[in-house]
Amino acid sequence: MKLKYTSILLSGALLFSAASCKKELVKINQNPNNSQIAQPDYLLTAATKATADTYWGVANTMESSLLFVQYWAKIQYTDPDRYILTNSAFQELWTVGYSKSIVNFNQIIKLGDAQANPNYKGVALVLRSWVFTLLTDAYGNIPYKQAVSIDQYLTPAYDNQRDVYFALLDDLKAAQAALDPAGKAIAGDVIYGNNIALWKKFANSLRLRIALRIADREPAKAKQVLADIQAEGGAYISSNAEIAQLVYLDSPNQNPVSNLFDTRDDYRVSKTTVDKLTALNDPRLPVYVSKTQDATPQGYVGIPNGLLVGDASNLGFTKTSKPGAYFRAPHAPAVIISYAEVLFDRAEAAARGLTTENAADLYKQAVTASLKQYSIADADVATYTALPAVQYDAANYKKSIGEQKWIALFGQGLEAFAEWRRLDYPQLQPAVAGTLNGKIPVRFIYPGTEQSLNGASYKAAVANQGADVLTTKLWFDVN
């Protein structure tokens with residue numbers, strides 16, 4: 001990991017020389033006409049964009065998590081859909097997460113302190129916590145403690161997943177305390193445009209998400225986290241207007257899905273998704289799924305996950321459905337955490353007895369929020385939420401919440417992958433021609449560079465967690 005943790009800063013940022021360089025050589029390589037200290041606003045924009053691109057991009061969604069949870073399927077080059085993946089397939093989340101995201105958010109934290117602007121520090125802590133959550137959700141044990149001081153630890157030790165989640169909850173609590181709507185303004189914020197009150201809601205919403213990640217293992221801690229938020233008078237994301245997301249622009253800054261479909265045509269919507277939406281007469285079907293190019297009796301045709309190349313291509317490119325135009329649009333947002341997800345989380349917290357809220361009411365609000373997120377008409381919302389198959393079942397809250405949350409998270413591959421593993425719903429069938437003996441992947445495998453650049457720490461992590469394979473369950477994944 002020595003090379004992978006090197007910071008990639010923006011123009012005007014301090015260029016880090018190798019430790020062996022002489023001070024004189026460093027001085028020679030400094031441009032006297034440029035600032036040697038990166039400005040927090042530029043770093044914030046660049047690190048946010050780089051993280052969102054990776055989070056919503058090819059390697060971590062389209063070639064992996066979107067396939068695992070059966071939102072998408074492949075009609076060409078089907079190996080990833082059959083779980084034929086090497087350790088290089090999961091390099092990007094790790095590399096970008098540490099070398100572009102965490103390193104730069106660490107720098108913003110330092111600059112926030114240096115400039116006496118705690119709002120920069122708070123925002124960077126929130127985003128850094130989100131990145132660490134993505135990493136531990138995907139891989140399990142990861143470097144955390146030493147990774148926040150990577151200039152001191154070039155081969156950082158891995159921390160247990162439990163310890164990472166607990167540390168992130170502390171970081172988010174600190175972020176919540178640092179963020180002050182009446183404090184100094186920040187610039188470069190491409191998520192909330194310097195609305196610090198919304199950043200405080202975002203921080204609490206991530207605390208809620210992580211509290212539920214640990215709830216099967218550490219229910220007392222999860223309950224305490226939610227009690228702390230309430231005692232602080234904290235609020236959560238409370239409308240679709242407050243969704244934490246990066247809204248993309250025109251090329252070259254368009255949504256990664258849009259960019260991919262400009263040149264490739266090997267993805268379709270999974271039959272699992274199309275069949276579920278069709279069975280429920282779900283009004284999100286035409287939003288999530290495009291009609292087939294050639295007329296077909298069904299109009300919307302998904303393909304089974306994990307077909308052999310010949311079997312997949314025989315279904316016909318023009319007779320199967322691409323993802324909906326909404327998701328392929330250049331300006332489509334990369335959603336980090338939605339209002340609907342927060343409501344589902346609050347419903348589950350109530351169902352678990354972690355709060356005294358009404359689980360059934362929050363569940364219905366969550367389904368409604370997801371529908372309204374895609375501008376579904378009120379009459380259609382009322383019809384859908386009244387369906388017996390959509391009604392909340394208190395006797396099996398994991399099924400009710402798990403299935404509707406899976407529908408609501410369409411497109412958010414990494415988050416859906418984490419929640420499917422945690423809630424165990426919907427009950428998915430493995431890929432048709434899968435290679436994992438009837439199993440579906442339950443984690444990302446570590447990048448191959450870890451074995452070569454951080455071998456001792458890698459081996460210790462594998463010895464602690466289990467074999468570095470797709471089927472090793474992580475600490476939070478209890479059942």
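**Helices 15 and 16.** Select residues 359-373, which form helix 15, and residues 378-385, which form helix 16. In this predicted model, the two axes come within 10 Å and cross at roughly 140°. Helix 15 is therefore oblique to helix 16. The crossing is right-handed.

Now show the side chains at the contact. From helix 15, pick Lys-364, Val-367, Thr-368, Leu-371 and Lys-372. From helix 16, pick Asp-378, Val-381, Tyr-384 and Thr-385.

**A residue in helix 5.** Go to residues 118-139, which make up helix 5. Stop at Thr-133, which lies in this helix. Is Thr-133 buried or exposed? Its relative accessibility is 3%. The cut-off for buried is under 20%, so Thr-133 counts as buried. Display Leu-168 and Ile-210 as well; Thr-133 touches both, leaving aside residues up to four places away in sequence.

Step back to Ala-116. This residue sits in the loop between helix 4 (91-114) and helix 5.

**Another positive phi.** Select Asn-281, in the loop between helix 10 (271-279) and helix 11 (285-288). Phi of Asn-281 is near 50°, which is positive although the residue is not glycine. Asn-281 has a relative accessible area of 66%. Exposed means over 50%, so Asn-281 is exposed.

**Two cis peptide bonds.** Move to Ser-251 and Pro-252. The peptide bond from Ser-251 to Pro-252 is cis, and its omega is near 10°. Pro-252 belongs to the loop between strand 2 (244-247) and helix 9 (256-261).

Next, select Tyr-425 and Pro-426. The bond from Tyr-425 to Pro-426 is cis too, with omega near 0°. Where does Pro-426 lie? Look in the loop between helix 18 (413-423) and helix 19 (448-453).

**Confidence.** Finish by colouring the chain by pLDDT. The protein averages 92, and 92% of the residues score at least 70. Then select residues 1-29. Here pLDDT stays under 50. For this stretch the model has 49 contacts beyond four places in sequence.

Notes:
Residues numbered from 1 in each chain as written. Predicted model: local features only at pLDDT ≥ 70, side-chain atom pairs only at ≥ 80, totals over all residues. Heavy atoms only, no water. Axes fitted to C-alpha atoms, helices over the stretch in contact; angles between N-to-C directions. Helix = DSSP H or I, 4+ residues; strand = E, 2+ residues; numbered from the N terminus. Parallel < 35°, antiparallel > 145°, perpendicular 65-115°, else oblique. Left-handed = near helix turned anticlockwise from the far one by under 90°. Contact = heavy atoms within 4.5 Å. Buried < 20%, exposed > 50% of the residue type's maximum accessible area, 1.4 Å probe, protein only. pLDDT = per-residue confidence, 0-100.
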